[in-house]
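Subject: Structure for you to look at

Hello,

Below is the structure I said I would pass on.

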Amino acid sequence: MILYLIPSLLLGWGLGRNDSANIFGPPVANGIVGYKWAILTAAVFVILGAIIGGAAGLQTIGSLSSGTAFESSISILGGAISVITMTYFGLPVSTSQAVVGGIVGVGILKGHVNWFVLAKIVICWITTPLGAMVIGFVIYKLTAPWFSRIRSIRLQDKLITIAAWLAGAYGAYALGANNVANVTGALVGKLLSVQEAALIGGLSIAIGALTFSKRVMLTVGKRIIELDHFSSLISIFAESITVWIYSIIGVPVSTSQAVVGGVLGAGLARGTSLANRGMLYRILFGWIGTPVIAGLISQGLYLLFK
Amino acid sequence: MIFIGKKEEMIIKKFKQHLETVGKTLDGFEEFIRAYLDGNCEEADRCSEKVMNLESEADALRRETETLMYSGAFLPNFRGDLLGLIEAVDRIADRAETVVRIISLQLPSILLQIKEEMKKQVKLSVETFKELKAAIEYMFEDMDKAGSYIKRTEEKEHEEDNIEWDMMKKLFSLDIDRAQKLEIKEIISLIGDVADLAEDASDRVEIIILKRRV
């Protein structure tokens, strides 16, 4: 059992390290939130999110393929290796898309992929950046007039600080609720119950969040805070709301793509178009390239170990 | 207002103290020029000493405020803006001190024809600073009001510019020694710098406010 869990634990750790940066990156990079407090808050809320809100996603991923615990474990290993390799080569990668690619890769070999569930997942991937963009646009339009009525710099700063903490905690909760399915979802019904999967997956993401590098956080953060404080906060709220909504629907999605959508939405609301061709290619590669590569790797691993 | 935070409160207090001290330095600077132009050497000496002391006091307050700023009050990027602003304000006091030092050292004989204009120029320079001071004081609590004082700072500086230019034209039309012309020209320019620097600082306030616009 422990052996089958190792790929999940590794994947959860990597996911926690990278994806927490999408939530706490901007406030840490611009010094609003201290690094240590950020990782501690992220860890606590990731676990809460996984336990309280992770069930739907865990069930979806668990039902994507009806293989054995061994096959599921290999699928996750394939996903984890793809994430590590693609990150090493600087390619855009999403854990959600890699894991699904891994599961479908092995599922195709064994002939037990649930195509209806896969279609639902892919639709959710496509609507993630679009949804975050719409949410970012709407929140900005609704809150900016109210925020700009605050004419005291002191009050503005205080509100931004409080909102950064709220967005961080909420984002970490949404991350745990949504992405725990990537980590242990494939093992649900084969090796773990939903509750066990939520706890183990949540803990592994939390450990990742606790050990993630400040460098990654600053890199991701600085990319987002090219915007002003207010807009970058709106982007994170949009990302968190989107990811949270998909955790209720039960489909793990990419936080990186959600944050890109949030940034674009806030930018559009401000009247600046931040979209570029490179960004579009990265998102498209995430939808197509990542699952295909992960699927091929997991197929190779399955053939090697079976 | 517990919600606002003690550190912010302290920084604003220090910022205002610094502004007050720079304001007093400029008042001393105006008194010095008036006394000098009226030939009251004793009063001019007393004012000169006052300006030097107040300028040092402003310097010390600036350093204290800068140290406090980095103890975690306000958002970090705003700290950088504030740092730039307090240094810009401090430069105004520095320039006033320079004028006092140069006049005390060179003891130039200011011509009767431009004495009254020079008094007016100094008055306008000090008034430009006073508008800036109000802009900064309002900046923390009411950015709209600060904006209107920025506009007034620009207007005062423009008025000062006009009088400075008139004085220059008058000076160079006089039949006096060229060296004397250049000596007085330098003093007129330095006094004008006080207003210019106040306007530069008001530009910084304007940028701070613009950056806050969502």
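Which elements of chain B do the buried residues of α2(B) pack against? They pack against α1 (6-37) and α3 (76-106) of chain B.

Some conventions first. This is a predicted model, in which local features need pLDDT of at least 70, side-chain atom pairs count only at pLDDT 80 or more, and totals for chains, interfaces and linings use all residues. Residues are numbered from 1 along each chain as its sequence is written, while chains are lettered from A and ligands numbered from 1 in the order in which they are written.

Confidence. The pLDDT is the predictor's confidence in each residue, from 0 to 100. Chain B averages 93, and 98% of the residues score at least 70. For the complex, the predictor gives an ipTM of 0.77 and a pTM of 0.85.

Chain A. Its secondary structure consists of 13 helices and zero strands (DSSP runs numbered from the N terminus: helices are H or I, at least four residues, and strands are E, at least two). The radius of gyration, taken over C-alpha atoms, is 19 Å for chain A, close to the 19 Å from the globule rule for 306 residues, so chain A is as compact as a globular protein of that length. That rule is 2.2 Å times the number of residues to the power 0.38. Buried residues make up 61% of the 306 residues in chain A (buried: 20 or more other C-beta atoms within 10 Å of the residue's own, with C-beta atoms placed from the backbone).

Helix α2 of chain B. This helix covers residues 41-69, and its 29 residues should span 42 Å at 1.5 Å a residue, which agrees with end C-alpha atoms 42 Å apart. The expected span is 1.5 Å times one less than the number of residues. Its buried residues include B:A44, B:V51, B:L54, B:E55, B:R62 and B:M69.

Where the chains meet. Chain A gives 17 residues to the contact and chain B gives 19 residues (two residues are in contact if their C-beta atoms, placed from the backbone, lie within 7 Å). On chain A, α6 (115-148), α7 (153-184) and α10 (229-249) each supply at least two residues of the side that touches chain B. The most comes from α7(A), with six residues.

Regards

Key:
Buried ≥ 20, exposed ≤ 12 C-beta atoms within 10 Å, placed from the backbone.
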